[in-house]
Amino acid sequence: MIATVILAGIVGWGLVVGEPDDYDRVQSLGSRIRCPVCQGESIADSPTPYAEDLMGFVEEKVAEGWTDQQIFDYLEDRFEATRLDPGFSGVNLVLWLTPALLVISGVYLATRRLIRPTGSEDG
């Protein structure tokens, strides 16, 4: 009985999660691609005709079997700052790590200042 419940759970989870269809994939990609016209908006959310054309391009390339990376690479070759979620490399890595390094440095300096060794007392 326990095996049946576990298998039913696995099948149910598979039905809920499942493989994304092409529409879901196009929407996911569109929500991660910055609109070249709008400030900080994805092409999936942008009402501009240009964003709609780009969504059509993404839909066409997904139907042709392009991978997500191929679509991103193609768009990045033609537009600057295509992704809404930049990766962790190059300058972006520095931008992601700088706040953490500043916090760590601040904690170190504060700790060093608070825990100062006492000098030898004459006596």
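Visitor: Is the crossing of H3 and H4 left-handed or right-handed, and which is it in this model?
Guide: Helices are DSSP runs of H or I with at least four residues, strands are runs of E with at least two, and both are numbered from the N terminus. A crossing is left-handed if the near helix is turned anticlockwise from the far one by less than a right angle, and right-handed if clockwise. By that rule, the crossing of H3 with H4 is right-handed.

Visitor: Thanks! What kind of model am I looking at?
Guide: Residues are numbered from 1 along each chain as its sequence is written, and side-chain values use heavy atoms, leaving out hydrogens and water. Local features need pLDDT of at least 70 and side-chain atom pairs count only at pLDDT 80 or more, while totals for chains, interfaces and linings use all residues, since this is a predicted model.

Visitor: Where in the chain is confidence highest?
Guide: The confidence score is pLDDT, given by the predictor for each residue from 0 to 100. Its mean over the chain is 82, with 84% of residues at 70 or more. Helix H1 (residues 2–17) has the lowest mean, 72, and the highest, 93, belongs to H3.

Visitor: What angle do the axes of H3 and H4 make?
Guide: Axes are lines fitted to C-alpha atoms, for helices over the stretch in contact, and angles run from 0 to 180 degrees between N-to-C directions. The axes of H3 (residues 49–64) and H4 (residues 68–78) come within 10 Å and cross at roughly 140°.

Visitor: Why are H3 and H4 called oblique?
Guide: Angles under 35 degrees count as roughly parallel, over 145 as roughly antiparallel and 65 to 115 as roughly perpendicular, with the rest oblique. H3 and H4 cross at roughly 140°. The pair is therefore oblique.

Visitor: Which residues of H4 meet H3?
Guide: A contact means heavy atoms within 4.5 Å. From H3, the partners are Leu 54, Phe 57, Val 58, Lys 61 and Val 62, and they meet Ile 71, Tyr 74 and Leu 75.

Visitor: How many residues are charged in the contact of H2 with H3?
Guide: Asp 22, Arg 25, Val 26, Gln 27, Leu 29 and Gly 30 of H2 meet Met 55, Val 58, Glu 59 and Val 62 of H3. Ala, Val, Leu, Ile, Met, Phe, Trp, Tyr, Cys and Pro count as nonpolar, Asp, Glu, Lys and Arg as charged, and the others, Gly among them, as polar. The contact has 5 nonpolar and 2 polar residues, and the charged ones number 3.
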